[in-house]
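Please open the structure in your viewer and keep the selection panel at hand. The tour below goes from one selection to the next and says what is there.

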Amino acid sequence: MTRTDPARVTLGALAAVVGFLAFVEFTSGVLQGYYTPMLTDIARHLRIHDADVNWLEGTQLMLSALVVPAFAKLGDMIGHKRMLLWSTALTGAAALVLPFTDSFAVFLVGWALMGFYVVWLPLEIALIWSRSRSMTGRSVITARAAGLLVAALEAGAIIGALVGGALIDALPLTVVLLIPALLIVVCFFVILVGVKESPELTGGRLDTVGIVLISLALIAFTGGLSLLRLPGGLTSPWSWAVVAAGLLLVVPFVLWELRHDDPVIDVRMFRSPALGPVFLTAGLFGVSVLGAQAPLSTFARTEPAVYGYGLGTTGFATSLIIGIYLIAMISGALLFPVVARLTAPRLTLMGASVLVGVGFLLFLPLHGTYLQVVVNMVIVGLGSGALVAALPAAAASAAPSTQTGVATGLTNSVKTVGGAIASCVFGIALLNGVTDAGAAAAEATAGSLSGYVTVWVVCGATALAAAVLLAFVPKQAFTDRAVEDGPAV
């Protein structure tokens, strides 16, 4: 009698919940892809400079960094489904604000509050990990499920980018912005009806002091980064003082968490030989996967006849670049468990980081044609897709059983902090050296070529640094053997 593959049986048992969660990630993908082709149109609607689009990205990343630790911990305590519902409701309410305002301040607040969606993927991975606790091949199951979720996410991003790019060329911006808000409402009811709660909850009391301390630290740090972007911010001692205050506030937070019986973030996880490099890799990866989104879109939309660089693409042509990039991400996400099984998860993560680094560095000599940009983005996409799927799954497999949601959430938190830092740096770089040529014709809204070069170099260097960092992870990390050997902390 042929022996049945336990991992295959388990995936079949999880198919229902993965299916409903895949729709949630599809919605998340739509949100991440839909707006990108129209960022230039949004900037014109709000009467702001292209470089100021990074304010939208930066504020959303700041809020994401704040909410993920709390929501991830609450997911472990009171239920991952419950926190999925809360975050979806808040995201939908914020999305409904965007179509009905042309005020940059109001739009900025609504856009920032949409950042609650970033907690969806870590909550889903923690939910799957919790439900597969008694199943054979748990790490393999979680990795495959993560690949399916990321594939759904990127499929949503592709459709979102293509539809958003087509609609912005044909419909008023108000109508175009209303569509994703309605999709989030549908997503809420899909979770409510179709997703089952985690079978085992840790309970306990929320570490409110820890949440307040880390929130103050993140607000001060990211707020200081925002001040640096203001005119004269780089030379202002007050801007740097706020950044330094944010960093210093981490100290009392760490001291408090080390003494707390049930901390919101078990900071000891950062000392784990398996988890520590994963978190740092997530931060470095956030620089490119989050911080570079807006600059890549605005570079493609920049008119070369006016500024001497850019592709001058329409909204739909820009969405095609994004769509091809996201197809590459789907391929990377689905290939990760296959390649990891043939080699090792650690080596696969290293290879994915190298692909991201090489892809961005290729922009330095090759950025003058549509085909060159597409080829570069395919290379970046293959590596990025693998990392998006692998990092939360790797954190789940290496974390203590009571900290799964926190560990997967931390990969997103650290990633968003990396993206927020990059967003600030890239915004400053794009404003530096803006040419006055053709300013009257183009209203001086384009960023500088030197700024885009800075984006490519920083993204390439940080990705290669992540590959080096992962070389220090134990060889058996992120495997079932590592789980059986004992907890990571």
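Begin by selecting glycine 283, which is buried at a relative accessible area of 12%, where buried means under 20% relative accessible area, exposed means over 50% and partly exposed lies in between, computed with a 1.4 Å probe on protein chains only. This is a predicted model, in which local features need pLDDT of at least 70 and side-chain atom pairs count only at pLDDT 80 or more, while totals for chains, interfaces and linings use all residues. Residues are numbered from 1 along each chain as its sequence is written, and side-chain values use heavy atoms, with hydrogens and water left out.

Glycine 283 belongs to helix H12, residues 275-289; helices (H or I, at least four residues) and strands (E, at least two) are DSSP runs, numbered from the N terminus. Leaving aside residues up to four places away in sequence, glycine 283 touches Val414, Lys415 and Gly418, a contact being heavy atoms within 4.5 Å.

Next, select helix H9 (residues 208-229) together with helix H11 (residues 250-259), which pack at an angle of about 160° with their axes 9 Å apart. The axes are lines fitted to C-alpha atoms, for helices over the stretch in contact, and the angles run from 0 to 180 degrees between N-to-C directions. H9 and H11 are therefore roughly antiparallel, given that angles over 145 degrees count as roughly antiparallel, under 35 as roughly parallel, 65 to 115 as roughly perpendicular and the rest as oblique. To see where they meet, show Val209, Gly210, Leu213, Ile214 and Ala217 in H9 with Val250, Pro252, Phe253, Trp256 and Glu257 in H11. The residues of this contact of H9 with H11 divide into 8 nonpolar, 1 polar and 1 charged, where Ala, Val, Leu, Ile, Met, Phe, Trp, Tyr, Cys and Pro count as nonpolar, Asp, Glu, Lys and Arg as charged, and the others, Gly among them, as polar.

Finally, select cysteine 187 and cysteine 459: cysteine 187 is buried at 0% relative accessibility, and cysteine 459 is buried with a relative accessible area of 0%.
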